[in-house]
Amino acid sequence: MTVTTAAPPATLLRPQPIGVFDGPAGLILVPAGDGVADLLGDLARGQVPREWPAAAAPLALALAGETDAALAALGGAACDRVNRLVLQPTPEHLQDAREAAAGSAELQAVVAAAAFAAGLDDRPPALEGAAGEFGTLAATVRASDALAAGDRRGAVPWLERACLLAAGVGPALEGRALAALAELRHRVEGPTLEVASAYEAAEHALAPTGLDVLRAEVRLQRAGVLHELSAEQPGLLVQAVRLYQSALIVLEEAEHPESFAFANMNIGLAMLAMPAVQASDQVRLGVAVQSLRAALRVYTRESHPAEWSSGRLNLANALQYLPSRHREDNLAEAVEIYEELLEVRSPQDDPAAYARVLANQANALAHLGMFAPAQEQYGEARTWFARLGDADAVGVIDEQLAAIATQPSRNGGSP
């Protein structure tokens, strides 16, 4: 990053990059200066330059996490005094920023938002007189205030207003506002086709921007909605998988581990949920295993116990039926995974889940020809299912035990 040095003037050009970035950088103002007009046009499209004009030095440094240097780059102009509050929110800086912002609804909106975010004032910014990116900021903070109070539905109209105000500012801000609205509607309404369409609208708005990661995250959320809906509309499952895979082009494991794992886990689950109807299903099971293994590089027993447990269980289930020249190795690995899960799953906390793991392990043991331990595990699973009154599960186990009884040889060894 290269930043030239000069004293920035105080005049503001529009649109300002308010709300384009996360954290304090999303509230930094850029005064007029050489190269600023072009810069602001790029930032409105979510494109960050390699070289920054002198007037934008505080923003460039804030984005790089160099807060002290950003503070040192500030002068005494009105926008500098507001930026000082953003970067170092103190009561003294708040008072100074308020004086600097007097007579400007735009600057007052930034001051109010910064003070509210820092807990220096419990009043969110007013919308009166604040248009464009500044009105979007005020409406977004109002939505956040409603959410903090537990009023999700009350936050929706504020974000809807933010989207309208952002529409003429630039695709980056509009896309961010639409993405926030889609996420909120998802939380309020649950998975619906309308929510999926809201995510798609945000994706479309972000298409001409440089915010590729945000767009991929939005695509991931849309895939998740369609995946949930596929329980009632199976045709949506293929579309969800394609969206997951498309998002993974951008969301790499090293840089975005949580999203990478989420996408891979759900690809694996979706592949396993698809009905087996043709020869290509063998490939599908292979993809499921690969995807689950990728997710489990991130989801560890220590860091993500619930996701790890779910992923390991589904991996073991997939390994049982994976066509391969290494079938015995796959079955042996499945048995080991089930044993691992039995160590962390409590029959007292969730007896049905515990019994299913026992039955699955018994099935893998039987496929390996290890009938004595298979019978033992089936027997314990049957006991739990009987206690739960699950007659169907008991019946299935009885059929499996009867099939084992017909086998000419019983190997009681360990895998």
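Which residues does Leu 29 touch, not counting residues up to four places away in sequence? They are Leu 12, Gln 16, Ile 18, Cys 79, Val 82, Asn 83, Leu 107, Val 110 and Phe 134, where touching means heavy atoms within 4.5 Å.

A word on the ground rules. This is a predicted model, where local features need pLDDT of at least 70 and side-chain atom pairs count only at pLDDT 80 or more, while totals for chains, interfaces and linings use all residues. Residues are numbered from 1 along each chain as its sequence is written, and side-chain values use heavy atoms, with hydrogens and water left out.

**The cores**

Leu 29 is also one of the residues with the most contacts inside the largest nonpolar core, along with Leu 59 and Val 110. That core has 91 residues. Helix α9 (residues 171-189) gives the most to this core, with nine residues. Apart from it lies another core of 45 residues, including Leu 315, Leu 331, Ala 374 and Ile 404. A nonpolar core here is a set of buried Ala, Val, Leu, Ile, Met, Phe, Trp, Tyr and Cys residues joined through side-chain atoms within 4.5 Å. Buried means under 20% relative accessible area, exposed means over 50%, and partly exposed is in between (1.4 Å probe, protein chains only). Helices are DSSP runs of H or I with at least four residues, numbered from the N terminus.

**Helix α5**

Now to α5, which spans residues 91-101. His 93, Leu 94, Ala 97, Ala 100 and Ala 101 are its buried residues. They cover an arc of only 125° around the axis, so they sit on the same side of α5; the arc is taken from the directions from the helix axis to the C-beta atoms. The buried residues pack against α4 (78-87) and α6 (105-118). On the face turned away from the buried side you'll find the exposed residues Pro 91 and Glu 92. After α5 comes Gly 103, with a positive phi near 85°.

**A few single residues**

Here is how some individual side chains score for accessibility.

| Residue | Relative accessible area | Class |
|---|---|---|
| Cys 79 | 1% | buried |
| Cys 163 | 10% | buried |
| Gln 221 | 31% | partly exposed |
| Glu 128 | 65% | exposed |

If you're wondering about cysteine pairing, a search of the whole structure finds zero disulfides, a disulfide being a pair of cysteine sulfur atoms within 2.5 Å. Glu 128 is in the loop between α6 and α7 (132-148). Its C-alpha is separated by 30 Å from that of Ala 70, 58 residues apart along the chain. Gln 221 lies in helix α11. Gln 221 and Val 195 are 26 residues apart in sequence, and their C-alpha atoms are 9.8 Å apart in space.

**Pocket and cavity**

The largest pocket has a volume of about 880 Å³. Of its 32 lining residues, the closest to the centre are Asp 22, Thr 140, Ser 144, Arg 176 and Ala 180. The elements giving two or more residues to the lining are α6, α7, α9 and α11 (212-229). On a 1 Å grid over the protein atoms alone, a pocket is an open set of points with protein on both sides within 12 Å along at least five of seven lines, a cavity is a set where a 1.4 Å probe fits but cannot get out, and lining residues have an atom within 4 Å of a point. The largest cavity has a volume of about 40 Å³. Helix α1 (residues 36-44) gives the most to its lining, with three residues. Volume is the space filled by probe spheres set on the points, which are joined across faces, edges and corners.
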